[in-house]
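Open the model in your viewer and keep the selection tool at hand. We will go from stop to stop, and each stop says what to select.

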Amino acid sequence: MQNTANVPRRGGSVLTDPKLRALIFQLLAIAAVVGLGWYLFDNTQTNLEQRGITSGFAFLNNTAGFGIAQHLIDYTQTDSYGRVFFVGLLNTLLVSVIGIVLATIIGFLLGVARLSPNWLVRQLATLYIETFRNIPPLLQILFWYFAVMLSLPGPRQSLGVLDSFYLNSRGLYMPSPGLSETFGLFFAALLLAVVASVFLGRWARKRRETTGQPFPVLVSVLALLLVIPGAAVLIAGNPLVWTVPELSGFNFAGGWVLIPELIALTLALSIYTAAFIAEIVRAGIQSVSHGQTEAAHSLGLPAGKTLRLVIIPQALRVIIPPLTSQYLNLAKNSSLAAGIGYPDMVSLFAGTVLNQTGQAIEVIAITMSVYLAISISISLFMNWYNGRIALIER
Amino acid sequence: MSDVNMQPTQPEGIIQMDGVHKWYGQFHVLKDINMNVQQGERIVLCGPSGSGKSTTIRCLNRLEEHQQGRILVDGTELTHDLKQIEAVRREVGMVFQHFNLFPHLTVLQNCTLSPMWVRKTPRREAEEMAMHYLERVRIPEQAHKFPGQLSGGQQQRVAIARALCMQPKIMLFDEPTSALDPEMVKEVLDTMIGLAEDGMTMLCVTHEMGFARTVANRVIFMDRGEIVEEAEPNKFFSNPENERTQLFLSQILH
């Protein structure tokens, strides 16, 4: 009787053996994926051949032949498509980095404001969040570009501040610095001030820990940073030569300019993403139990220190993962730049370059890889940070 | 009520509550609370759940706001003034039912946080003091662990040490043993008894009647937001006057 279980059942089909069935299904799945892949590859190859398009990355060395409104590295029309790629990549990174920093600052302030005991502050934060997170981002970009930036007065009627900053429909013009011969001395003075500040900061912390007396570090450091380089300037003269933008003909010349596309895109993305970040921050703060606030208060900690030392450090572990998603969204949404012609990765490389060369597969593959790389970098960094602040239990 | 009114006029105590009322919306949670606690006194507050005993002691460090009457703690009146509230909180330690330790900080950091940021105590000194109180609650070896790595009883003892590190004049205990497993209740109660023996002014909301018998100078019985009876423990347990007190005691003492 006891042996019957071990005797193989007669008449059992291969189809009812779970292990064998699993193996068969896996083989079928692999065959299907390989087959589909081969079909796509073969199909593409044949079509490319028929149209006489040579595949490969040789086109990156060809001359681009078009101008770009904003390039962070030197670029002329005679440069190659390869250089266009780097111009686009840097422009995308520029928008992403500025956008992430701005969105984080606005978002944190709004998130805290949303929980403020002050009725007006709370309602204003709610109004902001409900407005900006419910309007499609592309629409917001178009709004800032067409309704705000392009509606500004022309160069001749610019809004000027201090005779050196000018805002008009062609962008924000500001003075640019150049080095004069006394810059070396100034730089040495600045370096001295920074080193002195670091030592002062360390000494102040040590003093606070040994005697408990706080030292006005911020004020002293500011004073150091102003006085030492200031003295150098007084002795040796101005270390920088500022090129102030001046109206010549129909536009400003000289200085730096932020093109309206950049301003519109950065503003729209920061304001849009900040609304989501604010909600994440609010949820994070609310996830910390009220007992924590009560415990901190009962120990005599004022509200500000309670938030900074007790609530925020605990809220961060709830905030970080969804915050990462928002950073990724912002970086990817920067491709909406194509809508207003800001020369980012998509409008420049996957737009103009693709149209001119027809190398659709290569261009799209490169562009996708770039976004993948940016996103994975953000993700890895945030995961590392999240791991660092995780709570230790058991 | 009779006991309260019959008390001879006392000198001003370290805690004074005069005609304190509190409402949660329409609900009248504290009704005309009068209490005078002298330095070094140990008071136990008991009563059925929802009777307002926790709310009463939470009013003493303004975790709850009272709407009528006066509360003076160590000569400072609790009003809307934040400076006064913080001054009172520096002198009044509190231990909670659910410990409320800061889970992102080590045991030692939990104990030094407030002395360093509120009292501006130097780190070295704050750590020495923290170790002193951790030894007193008999868990110095856990100083570098995180609260999540400790048992409930150990966490509550850390919470007591954390409150003591501010060197308070008064300690408030809000059902400190209610969330503990039975075998851990004793270690926390022993710590509290030790504290009482050193002359700390203590107000405890607790259902531990054994503790009330050994430690308290006075037992205050509250029901439906009122102080119903107030007496020395011996008299309170053997010869309660009020019907509601008798009913309550018959339910909890088997």
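Select B:Arg244 and B:Asp223. Their side chains meet in a salt bridge, with 3.3 Å from N to O. This is a predicted model, so treat each distance as a computed value. The pair links distant parts of the chain. B:Arg244 sits in helix α10 of chain B, residues 243-252. B:Asp223 sits in strand β9 of chain B, 21 residues apart from its partner. Now colour by accessibility. B:Arg244 is partly exposed, at 27% relative accessibility. B:Asp223, at 10%, is buried.

Stay with strand β9. Select B:Arg218, then B:Glu230. These two side chains also form a salt bridge, 2.2 Å from N to O. Which strands does the pair tie together? B:Glu230 lies in strand β10 (residues 226-231) and B:Arg218 in strand β9 (residues 218-223), so the bridge joins parts of chain B that are 12 residues apart in sequence. Are B:Glu230 and B:Arg218 buried or exposed? Both are buried.

Next, select B:Glu91 and B:Arg119. Here is another salt bridge, with the closest N and O atoms 3.8 Å apart. B:Glu91 belongs to helix α3 of chain B, residues 82-91. B:Arg119 is in the loop between α4 (107-117) and α5 (123-136). The pair therefore ties together parts that are 28 residues apart in sequence. B:Arg119 is partly exposed, at 31% relative accessibility.

Step back to the whole structure. How many salt bridges does it hold over all chains? The count is 21. For a group of them, go to chain A. Select A:Arg114, A:Glu130, A:Arg133, A:Glu279 and A:Arg282. Salt bridges link these residues in a network.

Return to chain B and pick B:Gln155. This residue is in helix α6, residues 152-164. Leaving aside neighbours within four places in sequence, B:Gln155 is in contact with B:Phe99, B:Leu101, B:Pro147 and B:Leu150.

Now look for disulfides. The count over all chains is 0. Select B:Cys165 to see a case. The nearest cysteine sulfur belongs to B:Cys111 and is 4.5 Å away. B:Cys204 is in no disulfide either: the nearest cysteine sulfur, that of B:Cys46, is 11 Å away. Both cysteines you selected are buried. B:Cys165 has a relative accessible area of 1%, and B:Cys204 has 2%.

Last stop: the interface. Colour chain A and chain B separately. In contact here are 30 residues of chain B and 27 residues of chain A. The buried area between the chains is about 2700 Å², and carbon and sulfur atoms give 60% of it. Select A:Glu294 and B:Arg58. They form a salt bridge, with the closest N and O atoms 2.5 Å apart. The count of salt bridges between the two chains is 1. There are also 7 residue pairs in polar contact between them. Which elements of chain B supply at least two residues each to the side that touches chain A? Select α3, β6 (92-95), α4, α5 and α6 to see them. The largest share, 4 residues, comes from α4(B). By type, this side of chain B divides into 16 nonpolar, 7 polar and 7 charged residues.

Conventions: Residues numbered from 1 in each chain as written. Chains lettered and ligands numbered in written order. Predicted model: local features only at pLDDT ≥ 70, side-chain atom pairs only at ≥ 80, totals over all residues. Heavy atoms only, no water. Disulfide = S-S within 2.5 Å. Buried < 20%, exposed > 50% of the residue type's maximum accessible area, 1.4 Å probe, protein only. Salt bridge = Lys/Arg side-chain N within 4 Å of Asp/Glu carboxyl O. Contact = heavy atoms within 4.5 Å. Buried area = accessible area lost by both parts, 1.4 Å probe. Polar contact = N/O pair within 3.5 Å; in protein donor to acceptor, adjacent residues only side chain to side chain. Nonpolar A, V, L, I, M, F, W, Y, C, P; charged D, E, K, R; others polar.
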